[in-house]
Amino acid sequence: MKLTKLLTSAALALGMATGAMADTTKVGFVYVGPVGDGGWTYEHDKGRLAVEAEFGDAVETTYVENVAEGPDAERVMTQMALSGAKLIFTTSFGFMDPTINVAKKFPNVKFEHATGYKTADNVSVYSARFYEGRAIQGTIAGRMTKSNVIGYIGSFPIPEVIRGINSAYIHAKKVNPDVTFKIVWVYTWFDPAKETDAAKALIEQGADVILQHTDSTSVLTAAAEAGNVIGFGQASDMAEYADGPRVSSIIDNWAPYYIERTRAVIDGTWETVNTWDGIGRGMVGIGEITDKVPADVKAEALALKASIASGEYHPFTGPINKQDGSVWLKDGETADDGTLAGMGFYVEGIEGDIPS
Amino acid sequence: MIMLEKRPQPSRVWSMATPLVAVLATMFFGGLLFMVLGKNPVEAIKTIFYEPLFGEFAFYYRPQLLVKGAPLVLIAIGLSLGFKAGIWNIGAEGQYIVGALVGAGVGLAFYPLEAWYVFPLMVIGGAFGGWAWAMIPALLKVRFGTNEILVSLMLVYVAEQFLASMSLGLMKNPDGFGFPGSRNLNDYASANSWISQDTGMHWGVVAAFIAVIFSYILLNRHMLGFHIRLTGEAPRAAKFAGVNPKRLVVFVLGMSGALAGLAGLFEVAGPSGQISLNFNVGYGFTAIIVAFLGRLHPVGILLAGGLMALTYIGGEIAQSNLGLPASAIQVFQGMLLFFLLAVDILTNYRLRLSAGKVA
């Protein structure tokens, strides 16, 4: 492979050149959405800014937003590696194969891929246990609903999203046996118009609590317009809706991880890892629960949060059956990470099929 | 007072000069936009247009121009045939998706058999898929007089749902841990459209060049090409010349569908590698700009496709090197079409300075 050689030597030469000039470490970020989405990408960019704040002149960060998942992503990553990035964070599931391909060509550059499962000598993966946050969300939702219909806007039927639905459902059902979930799939991470349509459709079907696994704030806007409907901030706190429908939120906090990994590259101690942290390590945060939620429900939610954080309670603790009635987890048994990582089934009680 | 006066005949000079003026105007006003955003305009424009071609890492970007430009040219050539005849296929994006699905489906059905005939069959499948998808608006138009613009556009969204269903169901990689997306065809030698990844050459690039040549011959040396042009320029005359408008609709829509389908197939078997939820990135829509920027002329389209690819790749470099927001790059690309259409007025009209008297 001629080009590979050329690329490596170019990167090497550049690395040496920049190394000689100054001790700045270039860190690149590849975003799937716009930094102003107010959700997923916004939080990753907050992590990037935290890296800049932590290391000051010792690092230089660059980012490219709105990168399509596919060949375009590969070019963006290559371009970053060529211009001397030593560490590249690729922050969407669909960047998995491109990340692996580019990593092969640049063995001296470290890659960090969010929410995927393929690692290599210079590729780590990291994700957050969002389902822990979903357990708390489900508890609040189950307590708050009056119509007993909870709407759920799913992005793509991939394990991460299915896990969230299951976790929210199990915990809503636990506090409110009459609860039912209505699930709408929008096949996008970020599309305010589609998300609004989905929210309106769910509200029309009687949902008075809307949970979302999409990144924009438009769902909360739709909930505010409908009145008497509550929702949660997704990926980001979305605190600007705290006076309206937002009663709490799941916050992705990437900053500590990004700082830790950047430091590892600077110190030369970077190793391939597979990180999956939750509330305990602070990667998943629960945004402030507003006064709309009665004090006892708030206390219940916070107690659940504390027990998950301490590791005392696992959100997937048996007995839990699969949707078809077969036993998944026996009494007291907890789910192993392997099954969770590839989760492709609903738990018992959820209506409808996972689209396939 | 400046007045517009219709030219007795469209100006040949302006017809050729329009794209160039549009590009220069885009550079100028794009530069102003970048300046307002607090960037050095000269540096930004240089990054977009110069860096991919002659910059430090041009050895990497030049091949990427082929990768990005090939599907645009291939689709735009097909679209230009219809546009010339006044038949508006707006749904190339959908035909691109279906072509990729059928072509990849053929390939995946043979997996893991290694044989020389797998790829040719996939190519046929890709062309067929795009053709069949375009036949829906074509037949509806011929049979029931429906509007091909609306039908072809709406079918894009149907195709996207189809794509989602395939990535999550039938074509899902059985070794993919339940994640959506098909097997990666780059790991399946017989189903691969790469000729040489280092130079950006894949069969889609070859097909794009062949399409340019064939389209040139068709339009300039062939009766059918003459009929296409005649129908667009003088429909009544075309009728007298014995053109069967229905047959023409079926031909041009089918042709543009087949070319879009081919573009999809070459993309899925090469640069993209797999059917996935976000397989389509808007080539089918951008190709409309390319077709017009290239004046619906095969050689023009080739150049326009290259230019469009340049703004994409240069735009990405500008984003990461200069911190330009993605939307600024999109505005920049949009300006190109805007100025093209604006300057186009000069082809048919001339500016006249009058003394301000109103007759």
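Helices (DSSP runs of H or I, at least four residues) and strands (runs of E, at least two residues) are numbered from the N terminus. What you're looking at is a predicted model, where local features need pLDDT of at least 70, side-chain atom pairs count only at pLDDT 80 or more, and totals for chains, interfaces and linings use all residues. Residues are numbered from 1 along each chain as its sequence is written, while chains are lettered from A and ligands numbered from 1 in the order in which they are written.

- The score to know is pLDDT, the predictor's confidence in each residue, from 0 to 100.
- Chain A has a mean pLDDT of 90, with 94% of its residues at 70 or more.
- For the complex, the predictor gives an ipTM of 0.74 and a pTM of 0.80.

**Where the chains meet**

- Chain A puts 36 residues into the contact and chain B puts in 30.
- On the chain A side, the elements giving two or more residues are helix 1 (2-21), strand 2 (59-64) and helix 3 (71-82).
- Helix 3 of chain A gives the most, with eight residues.
- By class, the chain A side has 19 nonpolar, 11 polar and six charged residues. Here Ala, Val, Leu, Ile, Met, Phe, Trp, Tyr, Cys and Pro count as nonpolar, Asp, Glu, Lys and Arg as charged, and the others, Gly among them, as polar.

**Two domains in chain A**

- Chain A is split into domain 1 (2-128) and domain 2 (131-252 + 284-341), with bounds that come from an automatic or database domain assignment.
- Taken over C-alpha atoms, the domain centres are 32 Å apart.
- Domain 1 brings 12 residues to the contact and domain 2 brings 14.
- Helix 2 (residues 40-55) supplies the largest share of the domain 1 side, three residues.

**A pair of crossing helices**

- In chain A, the axes of helix 5 (residues 130-144) and helix 6 (residues 159-175) come within 7 Å and cross at roughly 35°. Axes are lines fitted to C-alpha atoms, for helices over the stretch in contact, and angles run from 0 to 180 degrees between N-to-C directions.
- Nine nonpolar, seven polar and five charged residues make up this helix contact.
- Among the residues that meet are A:Phe130 and A:Tyr131 in helix 5 and A:Glu160 and A:Arg163 in helix 6.

- The A:Gly318 to A:Pro319 peptide bond is cis, with omega near 5°. You'll find A:Pro319 in the loop between helix 10 (295-309) and strand 13 (320-321) of chain A.
- Back at B:Pro112, the bond joining it to B:Tyr111 is cis as well, with omega about 0°.
- A:Thr115 isn't a glycine, but its phi is positive, near 70°. A:Thr115 is in the loop between strand 4 (110-114) and strand 5 (123-128) of chain A.
- A:Met238, also not a glycine, has a positive phi of about 50°. A:Met238 counts as buried because 25 C-beta neighbours lie inside 10 Å (buried takes 20 or more other C-beta atoms within 10 Å of a residue's own, exposed 12 or fewer, partly exposed in between, with C-beta atoms placed from the backbone).

Methods
Contact = placed C-beta atoms within 7 Å.
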